[in-house]
Amino acid sequence: MKSTTPELLPLLKRYFGFTSFRPLQEEIIRDSLAGKDTFALLPTGGGKSLCFQLPALTRAGLTVVVSPLIALMKDQVDALQAAGVPATFLNSSLAAEESRKRLRGLHQGEFRLLYVAPERLMLSGFLEDLQRWNVQLIAVDEAHCISEWGHDFRPEYRQLAELRELFPTVPFMALTATATERVREDIVAHLKLREPSRYVASFNRPNLTYRVIPKSKPFDQLIEFLRARRYESGIVYCLSRKSAESVAERLNDNGIKAKPYHAGLTPKARSEHQEQFLRDDVRVVCATIAFGMGINKPNVRFVIHYDLPKNIEGYYQETGRAGRDGLPGECILLFSAGDAAKQTIFIDEKPNPQEREIARRQLQQMVHYAESANCRRVELLSYFSETFTEASCGACDNCLSPRDTFDGTLAAQKFLSCIYRIREKNGFSVGLNHVIEVLTGADTEKIRKWDHAQLSTYGIGKEYRRLEWSAIGRELVRLGFLRQTTEKYSTLELTGSGAAILKSRSRVTLTKPVIAPESKVSRAGEIACDENLFERLRVLRKRLADERDLPAYIVFSDVSLRQMARYYPLDEPGLSRISGVGEKKQREFGGAFLGEIADFLQTHARQIFADDSFIATSRWR
């Protein structure tokens, strides 16, 4: 590929404080500047926004960013303005006079970027204005919302197809963090992208640790986790609004500042709760799984799923909100098979048969992920058609503490044989629960109705409890010996390999239930630093942010502060080498941080860190 030309890197450093691009960013930007349509699938934290923000600074005219989330618009515009980029947004959160003021600015060419919701964008009067504003690029963020196979389908996104006819010469850019191959094709087709350049980055987030923990007294588990991380902030996802409210209230009662965030709150309350979280006034936000938060907070250190997510795509995107700054993040899923049963009830209430089938299949995949003994990273990446080649990721529960296995040949034979005998006797298949009732010798209405007490497999499985048989049955599905249908009354059927195992009596190895790992390892992305200085810089950052009515991370990210607390810069050239320090931030905040570091060194000795090649090429005193 052609080497980086001078005009991009100086802009990258001047406005964003970075000296190099992340993977695929430069290629996407260059294709867009060449007038090509582009499709970009970059994981959360992979730098999608820069792909349309930097091109907007290279030429006159307006870049229009379509975003479904009001909260995310304000967040990104605040960050851009703090970096000296003329950007604005238009949505329903603005008062009429403020909207008119911004429209006047757009008519006068004052802005380079405009964030707008799809409903607002497609109003006829607004489209007429847009055609007069010298639009240079239309970027569709969260593009997976256009596909009904995506995890967050929004019908209003389908209307965006009309933009191609209105702006035939303007390049389009579609961006998303999560999309299967089917969803990718939907995005390209529905947006009418013309021979787009396609960029798909790795879905692997090496700085994230994934763990699935058996759910038992979940609030106690949550409290124990949070108390071990007194200064870290994160998100707790709950299944219902009521649960989000309840968990937030109980956390506050236990001395942990928390706020709920869900669609049932007023827009004003949601906005206030989000602002408190962004500014580190609140440590924890308890959000419903169904409601996307759209929070661009880079120092989220953990994401906890208090309840089972509905699908792997949503789970991946939600966990991706941890560690966007590249520092370590923890992703915890509290798993109970009972949560899957609750969600099945909700799925059965969906009026559309196709939606029900999709939802059941996605839920089955989610349960399989939660119960799998394989590497979590392998499971996640394979869902998105990516292969992880390492023997161990070293950052998930199953790799850190591999689960014990046992000879499950006899249990598998009993389970598979029971399914075969039921089918042989009645000519139809039954569900997981009924198979377990036969194995454990239950006396139920269906057992009597179908005369299943006469089966040779009736009562032969009393050595295991119902919950244990349930886990065994689901593992046999994961191993491919059974097929689970996605109809309302899901049934189990023998596969070809299952029939072969039953006939040959080959050895079957099964795994014991998940347990929390005890291993402690260093985490990818960790930046060792002087923790005392880091804490002082955090306090300074919070004060400066509060004075300007901004979230703390907009002043400087945790990455920037940790580098300062590692390298102790004492002059402007040294500070300019810190990641994230652009020209405007250096002018506005540099003196305060250099002063704080110098003051700290009056009473504290420098710490020396191993493998510091950075120091050799930097101007430190």
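## Buried residues and a pair of rings

A residue counts as buried when its relative accessible area is under 20%. Keep that cut-off in mind for this predicted model. Tryptophan 469 has a relative accessible area of 0%, so it is buried. Phenylalanine 415 is buried as well, with a relative accessible area of 0%.

Let us look at how these two residues meet. The ring centres of phenylalanine 415 and tryptophan 469 lie 6.0 Å apart and the planes stand at 40°, so the pair is tilted. This pair links distant parts of the chain: phenylalanine 415 belongs to helix H18 (residues 409-426) and tryptophan 469 to helix H21 (residues 466-478), 54 residues apart.

## Other aromatic contacts

How many aromatic pairs does a search of the whole structure find? The search finds 13. Among them is the pair of phenylalanine 52 and tyrosine 115, with ring centres 6.3 Å apart and planes at 70°, so the arrangement is edge-to-face. Phenylalanine 52 sits in helix H3 (residues 50-56) and tyrosine 115 in strand E4 (residues 113-116), so the pair ties together parts that are 63 residues apart in sequence. Phenylalanine 52 and tyrosine 115 are both buried. Elsewhere, Phe203, Tyr316, Tyr383 and Phe384 form a cluster linked by ring pairs.

Charged side chains also meet rings here. Arginine 102 lies over the face of phenylalanine 89, 4.4 Å from the ring centre. In another such contact, arginine 562 has its charged end over the ring of phenylalanine 534, at 4.6 Å from the centre.

## A six-stranded sheet

Six strands make up an open sheet with parallel pairing, in the order E8-E13-E12-E9-E11-E10. Which strands stand at the edges? They are E8 (208-214) and E10 (258-261); each has a single partner strand, so one side of each is left without a neighbour in the sheet. On average, neighbouring strands of this sheet are turned by 20° against each other, direction ignored.

Four bridges join E10 to strand E11 (residues 284-288) in the parallel sense. Tyrosine 261 stands opposite alanine 287 of E11. Helix H15 (residues 353-371) lies across E8 and strand E13 (329-335), and runs at about 110° to E13.

## Loops with positive phi

Leucine 24, in the loop between helix H1 (8-16) and helix H2 (25-33), has a phi near 75°, a positive value in a residue other than glycine.

Glutamate 142 is found in the loop between strand E5 (135-140) and helix H8 (163-166). Its phi is near 50°, again positive in a residue other than glycine. Is glutamate 142 buried or exposed? Its relative accessible area is 13%, so glutamate 142 is buried.

## Cysteines without disulfides

A search of the whole structure turns up zero disulfides. Cysteine 393 is in no disulfide, and the nearest cysteine sulfur, that of cysteine 375, is 3.7 Å away.

How values were computed:
Residues are numbered from 1 along each chain as its sequence is written. This is a predicted model: local features need pLDDT of at least 70, side-chain atom pairs count only at pLDDT 80 or more; totals for chains, interfaces and linings use all residues. Side-chain values use heavy atoms; hydrogens and water are left out. A disulfide is a pair of cysteine sulfur atoms within 2.5 Å. Two strands pair if DSSP finds at least two bridges between them. Helices (H or I, at least four residues) and strands (E, at least two) are DSSP runs, numbered from the N terminus. Axes are lines fitted to C-alpha atoms, for helices over the stretch in contact, and angles run from 0 to 180 degrees between N-to-C directions. Contact means heavy atoms within 4.5 Å. Buried means under 20% relative accessible area, exposed over 50%, partly exposed in between (1.4 Å probe, protein chains only). Rings of Phe, Tyr and Trp (its six-membered ring) pair if their centres lie within 6.5 Å; planes under 30 degrees apart count as stacked, over 60 as edge-to-face and the rest as tilted. A charge sits over a ring if NZ of Lys or CZ of Arg is within 6 Å of the ring centre and within 35 degrees of the ring normal.
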